[in-house]
Amino acid sequence: MRCIFILFLLTGSHSFAQEHLPNIYPKGYFIKPLNIPASLSGNFGELRPNHYHMGLDFKTNHVQNLPVHAAADGYVARVKIEPFGFGRAIYINHPNGLTTVYAHLNVFFPKLEQYVKEQQYKLESWRVYLDIPSGMFPVKKGAFIASSGNTGGSQGPHLHFEIRNTATDTNLNPILFGFPIADDVPPVIQRLAVYDRNKSVYEQSPKMIAVKKTVRGYITVPSVITVSSDKVSFAVGSYDAQTGSANHNGIYQGILYDGSEEVIRFTMDTISYYDTRYLNAHIDYKTKAGGGPYLQHLSELPGYTNSVYSLRKGNGILSLTEETVRNIRIEIKDAANNTAVLNFKIRYQPPATKPVPPAAKMYYPFMVNVGEGSEDCEFYIGERGLYDAVQIGYRRSASANPVVVSDIHTIGDDYIPLQEGLVVRIKPDSGLLQDKRNRVVMQRFAGTKKEISKPEWQNGWAVGKFNSFGSFQLVLDETAPEIIPVGFKSGQNMSKARRLMVTVKDNLGGIKNFRAELDGKWIRFTNDKARNFIYIFDEHCTPGKHSLKISVADEAGNTAAQIFTFTR
């Protein structure tokens, strides 16, 4: 059994895992973590920007501070506190080799809350990721562990809940563990997309086919789809829901049949965080980036490794012959096995003229791709950077902005996704003085999106790494961040106040370091959602006169400091 489980993890053979390893998902071992009827605002494998959703989002009736309970006996193994992501989270290891994760929390149970606070002061960091000794905080099934909240990347009160394999840190679909979540509602199929697989999925717009629901299932309009390519693949737009809920959640499984023969399926039963960005290979990224809907491929792109797919025949691409009509069936399932079925026919009709192959250089998955830029710009894409073969364009332009100290180098298109980072090398303008380089950042922009990175300098080149294509330039940043007190001023009597709050503004939006000292000692300011920095008055601020020093630094290394006095 152990050997079979290892094979499952390495191959990603999801259907094999469910058929032969039912104990991976022991039903009845875990209880739901909230004492209210279970209703989901998000489920496992749901499609999110640049990642799969890796657990269940339990609704908390639009409120915070509901009691959160341990799903089974175990011990607190880790605690994470961060401005985005999970916000405040608890990890509990269980004797059965699984770990449960509870995220977007407010306060932890008192002893754990006190321990975490002590560690934050010891490390002089509000943001922490703590490994906790196994015997320190044992918990029983149903024990109170925290209050629910809205911290981190949460956009509304809820509890994010995960189940992981402790040894591999791979996430398992919690819905398969038998939680009492009523679901007699089948998924909904909204649309079908057809792709010409003689060319890259990023160098075409799919043929969008209308879908109609009938008493016997879904059909396409028209019922026979005529294509001009002898190699095609499909993608579907669909969603799922639970009984009594209007939320559009993710689907569990999609299966493609050619006649009676299964071709390919995808299943959302196990995904690791290492692989979660591969969502961008699972969806039609170009269509989504252009403002269109999510479309889930029923084919496996060549650069998608450790995928959610199980391959039965090829990789999901159908080879068609002239004038032969093929009967196609797509089944969309949820984890309760409610099923929606789409039936249609497809026919290949050769085009009057043969398509002209691309003349530009092609870049491929599993190759180290060296970009053809210019004499002052180079770029590199790693072996696992691309999902499909594609052309990557380059153009160069001048900037009229006086703080920009290079040309603008536009590499690729932002509708082409990357799995691993893009390395960009830029030479600055010849007028940039050597002693100014330590204040230079590399900026990427695409549309309204902007991000900066502190580059490394290698033989006169600035080198930066990014996760997306776009336009890149070097910016000389000599503007210090600004520290702004919110609701108080220096010299004020704060005896009746509950907290101190400051905000920090930077011209390029890149705050790297924040430090607060009260009377010369580090003091804990929180920074949830990276908005305001907040100190809640506690035992570290006794009655009397005090001096508060705030020091900040941006990505370019510009610093600012300000001292406030107050009486408590």
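Colleague: What makes the link between the side chains of T267 and Q253 a polar contact?

Modeller: The two side chains are joined at 2.9 Å. A polar contact is a pair of N or O atoms within 3.5 Å; within protein, one must be able to donate a hydrogen and the other to accept it, and residues adjacent in sequence count only if both atoms are side-chain atoms. The value of 2.9 Å is within the limit of 3.5 Å, so the pair of T267 and Q253 qualifies. Before we go on: this is a predicted model, in which local features need pLDDT of at least 70 and side-chain atom pairs count only at pLDDT 80 or more, while totals for chains, interfaces and linings use all residues. Residues are numbered from 1 along each chain as its sequence is written, and side-chain values use heavy atoms, with hydrogens and water left out.

Colleague: Where is T267, and is T267 buried or exposed?

Modeller: T267 is in strand β20 (residues 261–267); helices (H or I, at least four residues) and strands (E, at least two) are DSSP runs, numbered from the N terminus. Its relative accessibility is 0%. Buried means under 20% relative accessible area, exposed over 50%, and partly exposed in between (1.4 Å probe, protein chains only), so T267 counts as buried.

Colleague: What makes Y29 and F30 a pair of their particular kind?

Modeller: The structure holds 24 aromatic pairs. For Y29 and F30, the ring centres are 5.0 Å apart and the planes lie at 80°, so the pair is edge-to-face. Here is the rule: rings of Phe, Tyr and Trp (its six-membered ring) pair if their centres lie within 6.5 Å; planes under 30 degrees apart count as stacked, over 60 as edge-to-face and the rest as tilted. Y29 is partly exposed at 25% relative accessible area, while F30, at 5%, counts as buried.

Colleague: Why is the pair of Y121 and W522 given its class?

Modeller: Their ring centres are 4.9 Å apart and their planes stand at 80°, so this pair is edge-to-face. Distant parts of the chain are linked here: Y121 belongs to helix α3 (residues 110–123) and W522 to strand β43 (residues 521–522), 401 residues apart. Both Y121 and W522 are buried.

Colleague: Which residues do ring pairs link into a cluster?

Modeller: The cluster consists of F514, F525, F533, Y535, F537 and F566.

Colleague: What makes F108 buried?

Modeller: F108 has a relative accessible area of 3%, so it is buried. F108 is in strand β9 (residues 105–108). Beyond its neighbours within four places in sequence, F108 contacts residues including V79, I81, V116 and I145.

Colleague: What makes a space a cavity rather than a pocket?

Modeller: On a 1 Å grid over the protein atoms alone, a cavity is a set of points where a 1.4 Å probe fits but cannot get out, and a pocket is an open set with protein on both sides within 12 Å along at least five of seven lines; lining residues have an atom within 4 Å of a point. The structure holds one cavity of 30 Å³ or more, and the largest cavity has a volume of about 40 Å³. Among the residues lining it are K32, L34, F58 and K59.

Colleague: How much space lies in the largest pocket, and which residues are closest to its centre?

Modeller: The largest pocket holds about 940 Å³. Of its 34 lining residues, R48, H53, D57, H104 and H158 are the closest to the centre. Strand β13 gives the largest share of that lining, three residues.

Note on methods: Points joined across faces, edges and corners; volume = space filled by probe spheres on them. Contact = heavy atoms within 4.5 Å.
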